[in-house]
Amino acid sequence: MNDALRSLLDLLDLERIEQDIFRGWSRASVVPRVFGGQVAAQALVAAGRTVPADRPPHSLHAYFLRPGDPGAPLVYTVDRIRDGRSFTTRRVVAVQHGQPIFHLTASFHGDEEGAATLEHQEPMPAAPDPLELPTAAELLPRHAERYLSPEVAERLRQARAAIDLRYVDEPPYATVGRPREPRSQVWFRTQGKLDDDGPIPRPLLDVCLVTYVSDMTLLDSVLLAHGRGGWAVGDVVGASLDHAMWFHRPVRADEWLLYDQESPTSQGGRGLGQGRIFAADGQLVVTVMQEGVVRVPR
């Protein structure tokens, strides 16, 4: 486990200041606001700490309401909406400077097995071995001339230092001016193995880390369709609007996961991304949907 991953785990280990009120902080982001994946992951940690450990999250639905201030603490208030025999529901509001910046509803469900359950899934798409692909440390310097500044490139490196994230094809910032099919694939895992006895219990920790990573690249496919390089290049401006995830099967964030992403549409200053996350053995473990603001700078 590298220092960046330890720092990320510390970031997710929220301080409890009242029974259902938690406080967290922020880390470096590519853009000068709080990274949306961080807020979503922290909110899910807050919700999960009010739910029995044998009920992991099975879905979340979230809205990004205002840009977060990376220099100020985030306060997460959890409402215990429902505690049922099979399902538990929580609502979380993140507040900064007296205003809500993020709203999440999450549902938790214990494992059900037996003849009463029905199972099927889409097959895993083809993808190369992740170990044959360049790391972020190898890929980012190849396109240094495209970034807005060396400082932006360094923030991008720092933002992804805790995660081993490898693009199957070239990322948007490598193909500026060349529109292509709105599809993208990345392999990812944490930079090191996770402890089973840390302050955030597994499987909640794995789900929260996957939530964190899910916001990193999902709108890439929108950019690819229009030959845009992204936030670090400066040829678009934008932000996440909403985010939804469904956790179908157990997931381990410290093992290779394939994130298969595409964009079915963009219009009216908004772009839609949808993704499927597969374990290396072919199991479909997570489905993700996100809409974001994607505009050409004036």
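**Entry 1: aromatic pairs**

I began with Phe188 and Tyr259 and found both of them buried (buried is under 20% relative accessible area, exposed over 50%, partly exposed in between, with a 1.4 Å probe and protein chains only). A note on my source: this is a predicted model, where local features need pLDDT of at least 70 and side-chain atom pairs count only at pLDDT 80 or more, while totals for chains, interfaces and linings use all residues. Residues are numbered from 1 along each chain as its sequence is written, and side-chain values use heavy atoms, with hydrogens and water left out.

Next I asked how many aromatic pairs there are, and the count came to four. For the rule, I took rings of Phe, Tyr and Trp (its six-membered ring) as paired if their centres lie within 6.5 Å; planes under 30 degrees apart are stacked, over 60 edge-to-face, and the rest tilted.

I looked up Trp187 and Trp256 among these: the ring centres are 6.4 Å apart and the planes stand at 85 degrees, so I logged the pair as edge-to-face. Trp187 sits in strand β8 (residues 183–190) and Trp256 in the loop between β9 (237–247) and β10 (257–267), so this pair links distant parts of the chain, 69 residues apart. My helices (H or I, at least four residues) and strands (E, at least two) are DSSP runs, numbered from the N terminus. Trp187 and Trp256 are both buried.

Back to Phe188 and Tyr259: their ring centres are 6.2 Å apart with planes at 70 degrees, so this pair is edge-to-face. Phe188 belongs to strand β8 and Tyr259 to strand β10, so the pair ties together parts 71 residues apart in sequence.

**Entry 2: nonpolar cores**

Which residues touch the most other members of the largest nonpolar core? Of its 70 residues, I noted Leu8, Tyr76, Phe102, Phe188, Val210 and Ile277. A core here is a set of buried Ala, Val, Leu, Ile, Met, Phe, Trp, Tyr and Cys residues joined through side-chain atoms within 4.5 Å. I also found a second, separate core of seven residues, with Leu133, Val168, Trp256 and Leu258 among them.

Leu8 lies in helix α1 (residues 3–12) and is buried, with a relative accessible area of 0%. Not counting residues up to four places away in sequence, I listed Arg27, Ala162, Ile163, Leu209 and Tyr212 as touching Leu8 (contact means heavy atoms within 4.5 Å). I also checked Leu8 against Arg228: they are 220 residues apart in sequence and 29 Å apart in space, C-alpha to C-alpha.

I came across a cis peptide bond between Arg202 and Pro203, with omega about 15 degrees. Pro203 is in the loop between β8 and α5 (204–214).

Is α5 largely enclosed or open? I found 11 of its 11 residues buried, so α5 is largely enclosed by the rest of the structure. Asp206 is in this helix and is buried, with a relative accessible area of 2%. Leaving aside its neighbours within four places in sequence, I found Asp206 in contact with Leu194, Val251, Arg252, Ala253 and Asp254. Asp206 and Pro250 are 44 residues apart in sequence, and their C-alpha atoms are 8.8 Å apart.

**Entry 3: two loop residues**

I looked at His97, which is in the loop between β5 (87–96) and β6 (99–109). Its phi is near 50 degrees, a positive value in a residue other than glycine. At 62% relative accessibility, His97 counts as exposed.

Thr175 is in the loop between β7 and β8. I noted Thr175 as buried, with a relative accessible area of 4%. Beyond its neighbours within four places in sequence, Thr175 is in contact with Glu170, Arg180, Leu224 and Gly227.

**Entry 4: the cavity search**

I searched the whole structure and found one cavity of 30 Å³ or more. A cavity is a set of points, on a 1 Å grid over the protein atoms alone, where a 1.4 Å probe fits but cannot get out; lining residues have an atom within 4 Å of a point. Grid points are joined across faces, edges and corners, and the volume is the space filled by probe spheres set on the points. The largest cavity holds about 40 Å³ of space.

Which residues line the largest cavity? I wrote down Ala136, Leu139, Leu140, Leu156, Arg160, Leu165, Tyr167 and Tyr173. The elements giving two or more residues to this lining are α3 (136–139) and β7 (163–167).

Technical notes
On a 1 Å grid over the protein atoms alone, a cavity is a set of points where a 1.4 Å probe fits but cannot get out, and a pocket is an open set with protein on both sides within 12 Å along at least five of seven lines; lining residues have an atom within 4 Å of a point.
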